[in-house]
Amino acid sequence: MVLKIANRDARRLWLWTNGLSPTPVGKPDVMEMIRRLGFVQIDTIRNVTRAHHHILWTRNQNYREKMLWPLLQCDRAIFEHFTHDASLIPMEYLPYWQRQFRRLGEKAAQGPWYQSGLAQQEIRNIRARIEREGALSTHAFDTKIEGKREMWARPPHKKALDQMWYAGDLATCFRENFVKFYNLSERVFPAHLREGPSEARQIDWLCHQALDRLTFGTSGDVQRFWDVVGAQDAKNWCGEIPDLVPVEVQSASGDYNTAWAVPDIEERLNNSPAPTKRLRLLNPFDPAIRDRNRLTRLFGFEYRNEMFVPAAKRRWGYYVYPLLEGDRFVGRIELKADRAQGWMKVTGFWPEVPVKWGAARLEKLEAELGRFARLAGIEDISWHAHRAD
């Protein structure tokens with residue numbers, strides 16, 4: 001018989017898998033959090049704090065921003081590369097990342113988005129400067145954008161650096177004020193991790209690790225987790241691994257959808273705890289909500305990132321945080337902050353229908369806002385949006 005997983009159990013499993021079940025206190029183990037998630041997405045926008053810091057803080061609110069970057073620059077415990085977006089990945093995963101270097105390197109060399117327009121000798125000259133001078137950022141070069149300057153346009157040297165970075169020829173050595181410094185990969189990646197196993201073993205490892213962090217999912221969910229294997233690769237893998245458990249997972253609407261689960265799914269169902277009742281402020285790039293289709297299926301919660309949507313077309317706001325309480329999403333909130341001046345403002349608030357926002361729930365939200373503000377060194381919190389009645 002196919003194992004059926006009720007919606008509340010599916011939510012509980014998903015939140016536990018994402019490290020969102022326990023109360024987020026205790027001594028932070030940053031590497032353990034990154035390993036559990038598989039990777040942490042990084043982002044240039046700093047609203048109150050940058051996404052990577054917020055994601056880690058959500059799982060342990062004793063985390064502080066200074067704890068992350070030494071793992072890249074000093075310890076070499078993590079490396080930076082592309083999953084579905086720029087991410088920090090445990091260094092021990094590097095042998096299984098060789099196909100991603102190859103795939104993205106080939107894509108960058110062929111696609112107009114990444115092609116720099118520089119002659120091969122000019123690209124070799126950029127690499128030679130790094131070999132000669134050590135780690136350099138894009139600011140060390142001065143090629144200019146030709147023609148119309150569009151929103152995502154980048155100068156030729158930046159494209160050339162990215163081509164080599166995607167291919168694994170260059171690596172992120174460190175970041176300074178979030179500016180990436182490139183160095184030769186052999187100076188960054190440990191020698192014993194630079195060789196990968198066979199293509200088949202890489203795919204098998206990546207799919208196993210993806211499903212382990214999903215607990216249950218379709219082959220599409222497995223494929224999208226890392227965005228390193230192809231859709232057909234993931235589909236073939238799900239069909240070929242004999243110990244995967246076929247399940248039917250109930251959605252928030254009550255329908256059941258077929259999926260695959262880890263071999264110890266029943267043990268996880270029995271042992272995973274209910275999530276804390278604390279109200280939590282999630283980042284728009286948090287892995288628990290990154291797959292919007294999965295979010296809607298499990299929680300019946302509609303959410304989209306509107307940072308790059310014209311203001312007049314936004315349904316909510318520019319940088320909007322989902323609010324999680326227990327195993328359900330209870331609203332959305334928009335924040336703005338000026339860390340230098342020490343203030344944070346609530347500029348938008350959208351309670352989820354039909355959730356009632358009485359005094360007790362608002363008090364929990366105020367407490368979470370206070371904790372979040374302290375992460376950014378902010379003391380002054382003010383509301384410029386209508387509170388729920």
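Predicted model: local features only at pLDDT ≥ 70, side-chain atom pairs only at ≥ 80, totals over all residues.
Let me begin with two residues, Phe79 and Trp97, both of which are buried, where buried means under 20% relative accessible area, exposed over 50% and partly exposed in between, with a 1.4 Å probe and protein chains only. Residues are numbered from 1 along each chain as its sequence is written, and side-chain values use heavy atoms, with hydrogens and water left out.

Phe79 and Trp97 form an edge-to-face aromatic pair, with 6.3 Å centre to centre and 75 degrees between the planes. The rule here is that rings of Phe, Tyr and Trp (its six-membered ring) pair if their centres lie within 6.5 Å, and that planes under 30 degrees apart count as stacked, over 60 as edge-to-face and the rest as tilted. Phe79 belongs to strand E3 (residues 78-82) and Trp97 to the loop between strand E4 (86-90) and helix H5 (98-110), so this pair ties together parts that are 18 residues apart in sequence. Helices (H or I, at least four residues) and strands (E, at least two) are DSSP runs, numbered from the N terminus.

A second pair, Phe101 and Phe189, has ring centres 6.0 Å apart and planes at 25 degrees, so it is stacked. Phe101 sits in helix H5 and Phe189 in the loop between helix H8 (185-188) and helix H9 (199-214), 88 residues apart, and both Phe101 and Phe189 are buried. Ring pairs link these residues into a cluster, whose members include Phe39, Tyr93, Trp205 and Trp226.

Let me turn to the sheets. An open sheet of four strands, with mixed pairing, has the order E1-E9-E10-E8, where two strands pair if DSSP finds at least two bridges between them. Strand E1 (3-5) and strand E8 (216-217) stand at the edges with a single partner strand each, so one side of each is left without a neighbour in the sheet. Strand E9 (residues 245-250) and strand E10 (residues 256-261) run antiparallel and are joined by six bridges, and Gln250 has Tyr256 of E10 as its bridge partner. The ring of Tyr256 also has the charged end of Lys4 over it, 4.8 Å from its centre, which is counted when NZ of Lys or CZ of Arg is within 6 Å of the ring centre and within 35 degrees of the ring normal.

How many strands make up the other open sheet, and in which order do they come? There are five, also with mixed pairing, in the order E11-E12-E13-E14-E15. Strand E14 (residues 343-351) pairs with E15 in the parallel sense over four bridges, and Lys345 has Ser382 of E15 as its bridge partner.

Finally, which residues touch the most other members of the largest nonpolar core? They are Ile333, Leu335 and Trp357, in a core of 65 residues, a nonpolar core being a set of buried Ala, Val, Leu, Ile, Met, Phe, Trp, Tyr and Cys residues joined through side-chain atoms within 4.5 Å. Helix H14 (residues 359-375) gives the largest share of this core, six residues. A second, separate core has 59 residues, among them Tyr93 and Trp205.
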